[in-house]
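These are my notes from a look through the structure. I went element by element and wrote down what I found.

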Amino acid sequence: MSAERRLLDDCFLHDRDRMLHAEVLALISERLSPIVSKEMVALREAAGRILAEPIAAPRDVPFSDNSAVDGYAFAYADYFKRNTLGIRTRIAAGDLASVEIGKGEAARIFTGAAMPAGADTVAMQEDCELSQDGSTVTVPKGLKPGANRRRAGEDVPQGSIAIEPGVRLRAQDLAAIASFGFDQVPVYRRLRIAVLSTGNELVEPGSADRFQPGQVFDSNRTMLAALAETLPIEITDLGILKDDASLIARTIEDAAGKHDVILTTGGASRGEEDHVVTTLDSLGKRHLWQIAVKPGRPMVVGQIPTDQGDCVFFGLPGNPVAVLVCFLLYVRPALTILGGGQALEPVRYQLPAAFHIARKKTDRREFLRGWLAIGPDGITRIGKFPRDGSGLITGLRQATGLIELDEAVNEVREGDRVAFIPFNEFGL
């Protein structure tokens, strides 16, 4: 088994049935490492990919001193003696500044053009007065040395590391790489992920003509695929599996040999028809099950050994809200690390609550659906949906983020400051 495909056997080990939120995050951060190889891709195809090697500047950016404005370039030392200068030459962006500026002389220069030898300061054209015949220019008084001049290497010095590995490449990162002259980028291969749902009650969207009482259209798989696609991955949709132990075992075993990660929803609880956990136990190793979080308690994490290496397994609950919460808080950072990236904690905003919770169970962390609203007094407050059921998708659609109540909280009064995590912290 190659080192890049190896997952530590003791990942997620703990001696309690229910692991606290912070413990889960700590173990994900400490024990997981990239399991994908590196590849070179064209710069135009690198958006959203995870950088595999540091990008160093092969030359100064900008390459030479240049003008930040349209105007006139001259020597500041000469500026003390006279402020009317003869115009020696004209330099546009892209021109070679081959003429040296002498005493009492200036160069007509344009934004981005290389500074000529002998000049170190630029006066903006709108502040200058050109003679009628265009042979001299009078520059304003009060300029500072080096005004309106960009120095070579001012943005990025030659040899410096501009972008560290593990960064998910954004448009501005690609612009920086392009400015160095590179047309290819070393990135990590996309994670291969299999997604499936389990449950006799589930049917595919689009089969309304065959819909029966007691059935549910499978929304989880659609949501999971959309959530996963915010990361650099390749998804295989394995559909819906009935609650059949042998079918689930065969499907998961086959998928493990072809994918880096398997992501399931449903069947992770303790019921007689919940076969996901027993399947994982028979095929591999279970490292985490039952977390002290609402919603999302019956989440299972493990690994399945194959001839190609370990396949990481995430079994999420069946309720849509729990699926979203578990994916954003735990699966997303885990996938980011496995794919070579940096799993950063989302920013939390401490704001006053516009709701009241009379009683909350301690020793577990809760995540509620909420939004931000500015009141008549101009203060931003956090609103909460009155119903917190894990199967209510309406709240997910209307919410703009998650309200986080830690394990110590047992009551929230209006005006109490609580943590709010906007969905855009997760790229949503």
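**Two cis prolines**

I began with P295, which lies in the loop between strand 19 (293-294) and strand 20. Helices here are DSSP runs of H or I with at least four residues, strands are runs of E with at least two, and both are numbered from the N terminus. K294 and P295 are joined by a cis peptide bond, with omega about -5°. I looked up V61 and P62 as well: a cis peptide bond joins them, and omega is about -5°. P62 sits in the loop between strand 2 (55-56) and strand 3 (66-67).

**Ground rules**

I noted that the model is predicted, that local features need pLDDT of at least 70, that side-chain atom pairs count only at pLDDT 80 or more, and that totals for chains, interfaces and linings use all residues. Residues are numbered from 1 along each chain as its sequence is written, and side-chain values use heavy atoms, with hydrogens and water left out.

**Positive phi**

Most residues other than glycine have a negative phi, and most peptide bonds are trans. N148 has a phi near 60° and is not a glycine. N148 is in the loop between strand 9 (136-138) and strand 10 (149-150). Its relative accessibility is 25%, so N148 counts as partly exposed. I use buried for under 20% relative accessible area, exposed for over 50%, and partly exposed for in between (1.4 Å probe, protein chains only).

D363 has a phi near 70°, again positive in a residue other than glycine. D363 is in the loop between strand 22 (349-352) and strand 23 (365-374). With a relative accessible area of 59%, D363 is exposed.

Next I traced an open sheet of six strands, in the order 16-13-17-21-20-18, with mixed pairing. Strand 16 (233-241) and strand 18 (285-289) stand at the edges with a single partner strand each, so one side of each has no neighbour in the sheet. Neighbouring strands are turned by 20° against each other on average, direction ignored. Two strands count as paired if DSSP finds at least two bridges between them.

Strand 13 (residues 191-198) and strand 16 pair in the parallel sense over seven bridges. I found L191 opposite I233 in strand 16.

Helix 5 (residues 245-256) lies across strand 13, strand 16, strand 17, strand 20 (300-306) and strand 21 (309-316). Helix 5 runs at about 170° to strand 16. Axes are lines fitted to C-alpha atoms, for helices over the stretch in contact, and angles run from 0 to 180 degrees between N-to-C directions.

I then picked T264, in strand 17 (residues 261-265). T264 counts as buried, at 0% relative accessibility. What does T264 touch? Leaving out residues up to four places away in sequence, T264 touches L196, V276, F313, F314, G315 and L316. Contact means heavy atoms within 4.5 Å.

**Strand 6 and its partners**

I turned to strand 6 (residues 105-109). Four of its five residues are buried, so strand 6 is largely enclosed by the rest of the structure. Strand 4 (residues 71-74) pairs with strand 6 in the antiparallel sense over three bridges, and Y72 stands opposite R108. Strand 5 (residues 84-91) pairs with strand 6 in the parallel sense over five bridges. There, I87 has A106 as its bridge partner.

**Helix 7**

Where is the kink in helix 7 centred? I located it at F327; the kink is about 45°, and helix 7 spans residues 320-338. The bend at a residue is the angle between axes fitted to the seven residues ending there and the seven starting there. Helix 7 is mostly covered, with 19 of its 19 residues buried. Just after helix 7, G340 takes a positive phi of about 95°.

The axes of helix 4 (residues 220-228) and helix 7 come within 10 Å and cross at roughly 20°. The contact is made by N220, M223, L224, L227 and A228 of helix 4 and P320, V323, L324, F327 and L328 of helix 7.

D183 is in the loop between helix 3 (171-179) and strand 12 (184-188). D183 is exposed, with a relative accessible area of 57%. I found D183 touching V41, A42 and L43, not counting residues up to four places away in sequence.
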